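Please examine the sequence and the three-dimensional model displayed here before reading the report.

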Amino acid sequence: MKINEIMLKMISESDGNLDDIEHYVKVTCYARMIADAEGLDEKTKWLCEAEAIVHDISCPLCRKKYGNTNHKMQEKESEALLREFFAGTDVSEEDLERIIAVISRHHSPHLIDGIDNQILIEADYLVNANQSSYPAAAIHTFRNTYFRTACGTKMLDLMYAEKLHEAETA
Ligand SMILES: [Fe+2]
C-alpha cells in the first residue's frame, strides 16, 4: 500500500474532522523529514510514515466511548481498529504487527524500542507541544529525556526556542 493510499484512506475515514486530519498530516510530514535525515532504508521509512498517518486512529472512538482521548485508552483501543483499517490491503502481517506494536505505546516514550517508534514519538511531540500548549518546563524535560534523533531535536530547538530558553532561565 502506497503512503498516499494510506493517507487518502485515513482522510476518507476521518469524517471531515479537520483538526484530526491536520494533526496527522503534520505528524507525517515531520516523521518523513526525520526518517530522511536518519538515512533509513525504504521499508523503515514506509513504516515511519504509515505509523504517523494512523497513530491516532482510536481518537474518534475514544471521544465517543469515554468522552475524551485518554492516552491509555487510546493505546488500548488501537489494535482492533488498525486490523480493520488494513484488512484486505496488501500490507504484510509482519508490517501490520509492527504498526500495532508502535501505536499501542505511542504515548509511552519510556517503552521506545526502535527507530520508527522513536520517530513517531518525536514527530507527534513536535505537533502536540503547540497544539496542546505544553508548558516550557515540560518541553525542556521531554527534550532532554526522550528526543534522540539529530533532526527531531534540531526541529524542536528551532520551533520551541523561546519556551526552551524560558525553561533554562527560570
Ligand atoms: Fe498524535
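The report below treats the metal site, the pockets and the aromatic pairs in turn.

## Basis of the model

The model is predicted: local features require pLDDT of at least 70, side-chain atom pairs count only at pLDDT 80 or more, and totals for chains, interfaces and linings use all residues. Residues are numbered from 1 along each chain as its sequence is written, and side-chain values use heavy atoms, with hydrogens and water left out.

## The iron site

The iron ion has as its protein donors His23 (NE2), His55 (NE2), Asp56 (OD) and Asp124 (OD), at 2.1 to 2.3 Å. Donors are N, O and S atoms within 2.8 Å of the metal (3.2 Å for Na, K and Ca); water is not among the atoms, so sites may look incomplete. Along the chain the donors follow the spacing H-x31-H-D-x67-D. His23 belongs to helix 2 (residues 18-37) and His55 to the loop between helix 3 (42-54) and helix 4 (59-66), so this pair, 32 residues apart, links distant parts of the chain. Helices are DSSP runs of H or I with at least four residues, numbered from the N terminus. Both His23 and His55 are buried, that is, under 20% relative accessible area with a 1.4 Å probe and protein chains only.

The largest pocket has a volume of about 720 Å³. Of its 29 lining residues, Asp20, Asp56, Ser58, Cys59 and Pro60 are the closest to its centre. A pocket is an open set of points, on a 1 Å grid over the protein atoms alone, where a 1.4 Å probe fits, with protein on both sides within 12 Å along at least five of seven lines; lining residues have an atom within 4 Å of a point. Volume is the space filled by probe spheres set on the points, which are joined across faces, edges and corners.

The second largest pocket has a volume of about 160 Å³. Its lining includes Asp124, Tyr125 and Phe142, and helix 7 gives the largest share, 4 residues.

## Aromatic pairs

The whole structure holds 6 aromatic pairs, meaning rings of Phe, Tyr and Trp (its six-membered ring) with centres within 6.5 Å; planes under 30 degrees apart are stacked, over 60 edge-to-face, and the rest tilted. Phe85 and Phe86 are edge-to-face, because their centres are 4.9 Å apart and their planes stand at 75 degrees. Both Phe85 and Phe86 are buried.

Tyr125 and Phe142 are stacked, because their centres are 3.9 Å apart and their planes lie at 5 degrees. Tyr125 is buried at 8% relative accessible area, and Phe142 is buried at 15%.

Notes
Helices (H or I, at least four residues) and strands (E, at least two) are DSSP runs, numbered from the N terminus. Buried means under 20% relative accessible area, exposed over 50%, partly exposed in between (1.4 Å probe, protein chains only).
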